[in-house]
Amino acid sequence: MDPARLETVTWRNRALVLFDRIAMPVAVCDVYGAVLLANPAMAAECGTTPGRLRGRAVLELFSPRRATQVERIAEALRLRHRSRYRVAVCWRAPDGAERYGELTADPVSDTVEDTPALLVMLRPDGRREQPTRPGGRREHSPAAAGEARVSPTEARVLELLAGGATTARAARETGLTTDGVTYHLRRLSSRWNAANRTELVARAYALGVLRPGVWPPEAAGAEQGP
């Protein structure tokens, strides 16, 4: 491989590692808004893995709160304007609560003539409306009730961790990168104030996230076999 190409590949790999480690939810989309690449933080907001977001329309994942914003952006992109675009959005969190925030989209390309991709970042504003149960009653806040809610990806990572899996094996089983698995573990450790992985697993059992008395470890919300 010639030195110039080798340097390009090296920097591309470094950029992908950095992309995975960024705590802010970030995705790269085509000019029509289809996800080309998403980091673990973005996937966590949708309760899935980065690979499963590929090809999804970002404005189906995050609903614009004002349609006129989207129309204005589409027209600007058609005219090849390269400003930063902002869209107020809401979406359904993995625990069923409705969340609010802002998507920013920056057109990026190697040259002005190229059709740009969109670098999309999500800034949650922290507001959450609690999910409703049948009959219209609001559920109690998980924090207030002393319960823990996790995304399907977090639950699977915890199952594997409780079963003794290494970070590398957890990555293979979930389709994440090793950095993606580490990201989820750090989020859970921060949320539950766990000092290490052993304590993280113990808290998962104590909070009812993992089902007691079952081997291999299983999340409490998982379907049981016959």
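**Reading a predicted model**

Mentor: Let us start with helix 7, which is mostly covered: nine of its eleven residues are buried. Buried means under 20% relative accessible area, exposed over 50%, and partly exposed in between, with a 1.4 Å probe and protein chains only. Helices (H or I, at least four residues) and strands (E, at least two) are DSSP runs, numbered from the N terminus. This is a predicted model, where local features need pLDDT of at least 70, side-chain atom pairs count only at pLDDT 80 or more, and totals for chains, interfaces and linings use all residues. Residues are numbered from 1 along each chain as its sequence is written, and side-chain values use heavy atoms, with hydrogens and water left out.

Trainee: Which residues of helix 7 are buried, and what covers them?

Mentor: They are Thr153, Glu154, Ala155, Val157, Leu158, Glu159, Leu160, Leu161 and Ala162. The cover includes helix 8, helix 9 and helix 10. Just after helix 7, Gly164 takes a positive phi of about 95°.

Trainee: How should I read a nonpolar core, and which residues of the largest one touch the most other members?

Mentor: In soluble globular proteins, nonpolar side chains tend to be buried together. A nonpolar core is a set of buried Ala, Val, Leu, Ile, Met, Phe, Trp, Tyr and Cys residues joined through side-chain atoms within 4.5 Å. Here the largest core has 19 residues, and Leu158, Val181, Leu185, Trp192, Leu200 and Ala204 touch the most other members. At least two residues of this core come from each of helix 7 (152-162), helix 8 (167-174), helix 9 (178-192) and helix 10 (197-206). Helix 7 gives the largest share, five residues. Apart from this core lies another, of 18 residues, including Ala38, Met42, Val58 and Leu118.

Trainee: How do helix 8 and helix 9 lie relative to each other, parallel or perpendicular?

Mentor: For such questions, axes are lines fitted to C-alpha atoms, for helices over the stretch in contact, and angles run from 0 to 180 degrees between N-to-C directions. Angles under 35 degrees count as roughly parallel, over 145 as roughly antiparallel, 65 to 115 as roughly perpendicular and the rest as oblique. The axes of helix 8 and helix 9 come within 8 Å and cross at roughly 100°. The two helices, helix 8 and helix 9, are therefore roughly perpendicular to each other. Their contact (heavy atoms within 4.5 Å) is made by Thr167, Ala168, Ala170, Ala171 and Thr174 of helix 8 with Thr178, Val181 and Thr182 of helix 9.

Trainee: What is the mean pLDDT of the protein chain?

Mentor: pLDDT is the predictor's confidence in each residue, from 0 to 100. The mean for the protein chain is 76, and 69% of its residues reach 70 or more. Over residues 134-147 the pLDDT is below 50. Where pLDDT is low, the predicted coordinates should not be read in detail.
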